[in-house]
Amino acid sequence: MKIVVTGGLGFIGSHTVVELQNQGFEVVIIDNLSNASLDVLDGIFSITGKKPEFEKMDVRDKAAVQSFFKKYSDVTGIIHFAASKAVGESVENPLLYYENNINSLVYILQELQQKPEAHFIFSSSCTVYGQAKNMPITEDAPIQPPMSPYGNTKQIGEEIISDVAKISNVKAVLLRYFNPIGAHESSAIGELPLGVPQNLVPFITQTAMGLRNELSVFGNDYPTPDGTCIRDYIHVVDLAKAHVVALQRLIDKKNLENVEVFNLGTGKGSSVLEVIHAFEKVSQKKLPYKIVGRREGDVIEAYADTEKANKVLGWKTELSLEQALESAWKWERKIRS
Ligand code: WQD
């Protein structure tokens, strides 16, 4: 069975390609290489021994999307990662985000809705919950007004998919990621942030490597036990495996609704200081950090209720925060060697 993975050379995309291949799926990757390198194909091959098909293509190009689906008329499913994801950049340049994340989705769905059957997996985000009232966050927690154009593209994306699923044979799973971190245990693939990392874990590993002087901890006056924000950090390999399970559920027609939503997290919240200390433990290195003011737009805490994913998908995380940090650290050392 052939599965299309857009953004398949990116961080979560590449790990998902590996898990798909491990489960016997044939994979066609679409990527425009705007935030990924062709070397990732070799990384994937070194893990699975299988080269995925690759099409260098931009999913914002409607004509290209049309000819792609003509050429690959036999695809069984599509996992759509290709999108921009930097919150700050989306505030600076909202139209770039609406073009990248919405136009591409529309073009893909225009092709899928003509098919007699289409299985679609969408990368959504816990950002749709904003600051949820109750922890852990369940899938039926209210969607809050978006905190950024990036967050808005995820909310609008979910709505577009739901509207299309109502009037077509498109069946979809929306996966709301919490905070994906880590790398494949082989260190053949991992995260490659462009420029100065905005996310906590890549900033930590780059600081430990000496590329950054110190980590700024954004606020220690939050109403949490140690005053720093709490997030749900999930190992990217666990996250990747959930995509394969969700896809299989659609293929097996086990889905109960045209569109199903699942939180993908560990269910455990960790504060920024806890992450720093866990990193120091696994790396045996002291991490230089200082407390600075709060970062605009940060929620106080967000961690997942994983019961629905555990029960309905039959999936649960297997890897710990320490294992995720260890793999991120091993990856950072490998790419700098
Ligand atoms: C985690 C915690 C920071 C950097 C974002 C997106 C979300 C998602 C994942 C996208 C926060 C603190 C961070 C630093 C720090 N999806 N921090 N110093 O903000 O939870 O989520 O990424 O792809 O939609 O919003 O993740 O890793 O940026 O921050 O103290 O240098 O670490 O304040 O509490 P976040 P993050």
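The model is predicted.

- The lining of the second largest pocket is made up of 13 residues.
- Nearest the centre of this pocket lie Ala183, His184, Glu185, His235 and Leu319.
- Two elements, α8 (236–251) and α11 (321–336), each give two or more residues to the lining.
- Helix α11 provides the largest share of the lining, namely four residues.
- Sorted by class, the lining has six charged, four polar and three nonpolar residues.

**Salt bridge Glu55–Lys71**

- The side chains of Glu55 and Lys71 form a salt bridge, with an N to O distance of 2.6 Å.
- This pair links distant parts of the chain, 16 residues apart: Glu55 belongs to strand β3 (residues 53–56) and Lys71 to helix α3 (residues 62–71).
- Glu55 has a relative accessible area of 18% and is therefore buried, since the cut-off for buried is under 20%.
- Lys71 counts as exposed because its relative accessibility is 57%, and exposed means over 50%.

**Salt bridge Arg295–Asp298 and its network**

- Arg295 and Asp298 meet through their side chains in a salt bridge of 3.1 Å, N to O.
- Salt bridges with shared partners join Arg295 and Asp298 with Arg231 into one network.
- Asp298 is buried, at a relative accessible area of 19%.
- Arg295 has a relative accessible area of 36%, so this residue is classed as partly exposed.

**Salt bridge Asp42–Lys51**

- A salt bridge also joins the side chains of Asp42 and Lys51, at 3.4 Å from N to O.
- Asp42 is partly exposed because its relative accessible area is 44%, which falls between the limits of 20% and 50%.

**Background to the pairs**

- Side chains of opposite charge can pair when their charged atoms come close.
- The pairs Glu55 and Lys71, Arg295 and Asp298, and Asp42 and Lys51 are salt bridges of this kind.

Definitions and conventions
Residues are numbered from 1 along each chain as its sequence is written. This is a predicted model: local features need pLDDT of at least 70, side-chain atom pairs count only at pLDDT 80 or more; totals for chains, interfaces and linings use all residues. Side-chain values use heavy atoms; hydrogens and water are left out. On a 1 Å grid over the protein atoms alone, a cavity is a set of points where a 1.4 Å probe fits but cannot get out, and a pocket is an open set with protein on both sides within 12 Å along at least five of seven lines; lining residues have an atom within 4 Å of a point. Ala, Val, Leu, Ile, Met, Phe, Trp, Tyr, Cys and Pro count as nonpolar, Asp, Glu, Lys and Arg as charged, and the others, Gly among them, as polar. A salt bridge is a side-chain nitrogen of Lys or Arg within 4 Å of a carboxyl oxygen of Asp or Glu. Buried means under 20% relative accessible area, exposed over 50%, partly exposed in between (1.4 Å probe, protein chains only).
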